[in-house]
Amino acid sequence: MARERNVGVFDGFIYRGGGPMLAWLLHRISGIGIVVFVGLHILANAFNGQIGSAINTVFMSWVFQLLVFFCVIFHAINGLRIIILDLWPALLEHQREAIWIEWGFFLPIYAIAAIVIISKGLAG
Amino acid sequence: MQSRPAPQPGLTFEYLMWLFIRISGLGLYLVALVGVTAALVMGARTQLDMGTLIRWTFFPNSGHVANAGVDLELGWVSLLWQIMQGMAVVFGVTHGMNGLRNILEDFISNKGTRLVVRVIIILLWILFLYAAFTLVLSDTL
């Protein structure tokens, strides 16, 4: 019975998980984002050139690229954190600190990407 | 709303996918690192912008960077790079579809609905693999 999970959406909103929960939630949201972006991109280009180029125009706008880059970079760095902690489970004790370190990696990398994307987007 | 029961311990499908999602994540890191290094070695540093470099990194084929007007040497039209692209497709599509299954099944308590979702995801998985491979194999060796 202990394995019976009975947590609804509203309990989830009340639950105060802090950093780890935010990372878990963003990992799922960014994962769905990547599946949608890449899936549309593959299907559009494989089956219809015209719809494909229309979707590519949207994908290449700088506002959209900011979103895609957030999803991909966050998912990659958070995924690496999960893999490292799973390989050395003793580190799980320091999970919250690991998530702070993760943001320390994510923010500068995303900032560089964002500066390049925005400056290029505003110039051209 | 009720969530699905937690998976059982042991050598189950859920455990194997748990393992696969981590291995394929590392595999995608490997594909990306090898790809970006090779792209830079082949001349991307002087000839490509960031967006094209990233498209080049994962899928170096002429269809993928056709609009960029790149004139790199054709060192990437080889079996090695088709295998690398194939790895990116297989790891990426399977990783994504399993992630989607994981998220959806977390919110479905009904066993029959979960089966329907699983069948739809397997069909999507085959569709994406087929579509991606037709794009990846567009260059004739």
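Let's start where two chains meet: the axes of H2(A) and helix H4 (residues 111-136) of chain B come within 9 Å and cross at roughly 60°. Axes here are lines fitted to C-alpha atoms, for helices over the stretch in contact, and angles run from 0 to 180 degrees between N-to-C directions. Helices are DSSP runs (H or I, at least four residues), numbered from the N terminus. This is a predicted model, in which local features need pLDDT of at least 70 and side-chain atom pairs count only at 80 or more, while totals for chains, interfaces and linings use all residues. Residues are numbered from 1 along each chain as its sequence is written, chains are lettered from A and ligands numbered from 1 in the order in which they are written, and side-chain values use heavy atoms, with hydrogens and water left out.

So H2(A) and H4(B) are oblique to each other, a word for angles that are not under 35 degrees (roughly parallel), over 145 (roughly antiparallel) or 65 to 115 (roughly perpendicular). H2(A) passes H4(B) in a left-handed crossing, with the near helix turned anticlockwise from the far one by less than a right angle. Sorted by class, the residues of this contact are ten nonpolar, three polar and no charged. Contact means heavy atoms within 4.5 Å; Ala, Val, Leu, Ile, Met, Phe, Trp, Tyr, Cys and Pro count as nonpolar, Asp, Glu, Lys and Arg as charged, and the others, Gly among them, as polar.

Now stay with H2(A), residues 19-47, and look for helix H4 of chain A, residues 62-87. Their axes come within 8 Å and cross at roughly 125°, so H2(A) and H4(A) are oblique too. H2(A) passes H4(A) in a left-handed crossing. This contact has twelve nonpolar, seven polar and one charged residues.

Over in chain B, helix H1 (residues 13-47) and helix H3 (residues 79-106) pack at about 140°, with their axes 9 Å apart. H1(B) passes H3(B) in a left-handed crossing, and the contact has 14 nonpolar, nine polar and three charged residues.

Finally, the gap: the largest cavity (grid points, 1 Å apart, where a 1.4 Å probe fits but cannot get out) has a volume of about 30 Å³. Its lining residues, with an atom within 4 Å of a point, include B:Pro60, B:Trp76 and B:Asp139.

How values were computed. 1 Å grid on protein atoms, 1.4 Å probe; cavity = no way out; pocket = protein on both sides within 12 Å on 5 of 7 lines; lining within 4 Å. Points joined across faces, edges and corners; volume = space filled by probe spheres on them.
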